[in-house]
Every structure is written in structure tokens, then in C-alpha cells.
Amino acid sequence: MSDLSMLMDMGFDKSQAERALQVTGNKGVEPAMEWLLAHADVNEPIPQETFSDGEKSEGLQTQMEITESENDDHNEAVKVLDEELAAQAKSLKCDECNKKFRTDSEVEFHAVKTGHQSFSESSEEIKPLSEEEKKEQIKKLETIIKQRRAEREEQEKKEALEKEISRRKTGQEITQVRQKMQEEEMKQLAEAKRREKLEAKQARQRVLEQIERDKQARREKFNMPNPNPPATSPSEPPKAIVTPATPIENYDQTRIQVRLMNGECLTHSFSPNEELAAVRLFVQMNRSGDPTPFSLMTNFPKKVFTEEDMNTPLSKLGLVPSAVLIVCKPQ
């Protein structure tokens, strides 16, 4: 049913309804009806009660709002009915059944119901409504107004509920995504730490293996016995190791103290037959990550060791049974 038909069903004249819809921009029945009521000829005062400042409590305000709403509905219905009766000076008549009608909406309803198509204007006025009929019409209009208002409030509540549900759902999705991102970040950090520990362990293992290889190479070069010979099975007799005659040393180890440029001291025991390169390698591994090149020297007597001295055993350099070496800048 169109807005025009609904206004006409409420008792408004067709021309007035069209005018109201046009003025309100065809925004619906309620704006048009409010415009019609605001421009009605009959303006009955709305009874209002006055309250002192001390009587304006919450319960009284609520009751007053309900009373005013009911009075508004009643006055709107009265205005609509009075305007309809005042605006119509003549009636419409069905030429087929001679039935008279007040409004175009009644004519359209009669045409749909009976199939009659011939209508004309009549100079005869329809008998005014009695008080009972007028009250009945007012009740119908009040019912329509209340129904429209209830539908609008219900629609507003429904829209508000849908918005709240959508807001909560969006909030939950955002929280889940944030938690998932945090979990992924923690996993990545744990994996990175694990890789760092593994790489550090592998680096230490490579350094130890390199030291062991260097020691083994020095033993082979100077035909030195292995201090940790491999275990042999009892069934196999141990193989005799033939080594060239070497001079008998009075000491089986020498204690070397190395003084670094930052004031720290490193102390370690070496075999008298180990080369000075073993001492330099020991210093390189324990200098706290200092990569700068350096040389080794003695203070008494002062001597700076060269690259040729690195391949000389400690016993031949006079560093047995103990010695103090100083780390200095390369010469």
C-alpha cells in the first residue's frame, strides 16, 4: 500500500495528502501526517499538569511522558478526523449502486471490492458522523498511530542489537588474530635462540677440533708420542712405536704466563716440545674476541719473537720450566 493510500485511509483528503508528501519530500507517512496535523484548522489545547521543582522525580517524569504520549495520539486522531470532515463539502457517488462516499480512498476500496467503475461527484452532503462513530474513527486512528510508533521502536531496537552483535564479533576476531600473532612471534624467538645456541656449540666444537688437529700435526712433525693412545683389544698385542732417539728433557711441562695489553694475565701449561705457535693459538682463543694482530716478547732478556720462532719448540727458546710472555703490537 502506498503512502498516499495510507494517508487517505486515515481520513485525509487526496489533495491534502499529496501536498503533505510533496512538502516533506516523500519521506514517509509519519512526516506527512505530522505536517498535516501541524497545519490543521482545529487546534485543541493539550492538557498539561504543572509540577514544582520538588515533585520532578523519576517516577513522576515517566508517568507524565506516558500521559503526554497518549494525549498526543488522541489529539492527532481528532485533528485528522476534524480536518477530513471540514475539508469535504460534497460527496462521491457510485453511478451503478448509488452509494455515497466521503473520500477517494473509500471509492477505490469500493471499486476493488465490487468491480464498479462509474463514479461521479454528488452535491448531496453525507450526514455527519455521530459522536459514537466519531469516537470509533478516533480509536482506529489512535491504533494506527500507536502501531506505527511501536513498529519504529521495534525496528530501532533490532538494529541496535544487530550492531552490538557485530561489534562484539569483530572484537573477538581481532583478539584471536592478535593472540595468534603473539604465539607465532614467541615461536620464532624460541627457534632463533635455539639456532644461536646450536651454532655457538658447533663453533666451540670446531675450535676444539682445530686445536686437536694442530696438536696432532705437531706431534707428527716432531715424532712425539700420543699422550692418549687409542685403546687396543686384549687379543691384539700392542704395536711397538719406533721413535728416533731424542735428548732426555729434565722437565715434562713448562708453565707459561701471558700478559695481555689490557692488563689481564693468562696462564697455561705446555709440553716443552710444543712450538711457540701453540702459545700464540692459546692467546688468540682467550683474548675476549679481540681480532687485532699481535706479537709475543720476553722482558728479561727482551726479545720479540718472529714468525720463524713460531715453529721452534719452547725448550729451544728457553721458556722451560716457566716463562712470562708479553703481548705487544706487531713488530
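Biologist: How many residues make up the hairpin that joins S6 to S7?

Modeller: Bear in mind that this is a predicted model. Two bridges join S6 to strand S7, and these strands run antiparallel, with Met297 having Val304 in S7 as its bridge partner. The hairpin passes from S6 to S7 through four residues.

Biologist: Which strand is joined to S6 by three bridges, and which of its residues stands opposite Ser295?

Modeller: Ser295 and Met297 point one way from S6, whereas Leu296 and Thr298 point the other way, and all are buried. In a regular strand the side chains alternate between the two faces of the sheet. The strand joined to S6 by three bridges, running antiparallel, is S8, and the residue in S8 opposite Ser295 is Cys328.

Biologist: Why do the buried residues of H7 line one face of the helix?

Modeller: In helix H7, which covers residues 276-285, the buried residues are Leu276, Ala278, Val279, Phe282 and Val283. Viewed down the axis of H7, they line one face because they fall within an arc of 155°. They pack against helix H6 and strands S4, S5, S6 and S8, so the answer to your question is the arc of 155°.

Biologist: What is the centre-to-centre distance in the aromatic pair of Phe270 and Phe282?

Modeller: A search of the whole structure finds one aromatic pair. Phe270 lies in strand S5 and Phe282 in helix H7, 12 residues apart, and both are buried. Their arrangement is edge-to-face, with 80° between the planes and a centre-to-centre distance of 5.9 Å.

Methods. Residues are numbered from 1 along each chain as its sequence is written. This is a predicted model: local features need pLDDT of at least 70, side-chain atom pairs count only at pLDDT 80 or more; totals for chains, interfaces and linings use all residues. Side-chain values use heavy atoms; hydrogens and water are left out. Buried means under 20% relative accessible area, exposed over 50%, partly exposed in between (1.4 Å probe, protein chains only). The arc is that of the directions from the helix axis to the C-beta atoms. Contact means heavy atoms within 4.5 Å. Rings of Phe, Tyr and Trp (its six-membered ring) pair if their centres lie within 6.5 Å; planes under 30 degrees apart count as stacked, over 60 as edge-to-face and the rest as tilted. Two strands pair if DSSP finds at least two bridges between them.
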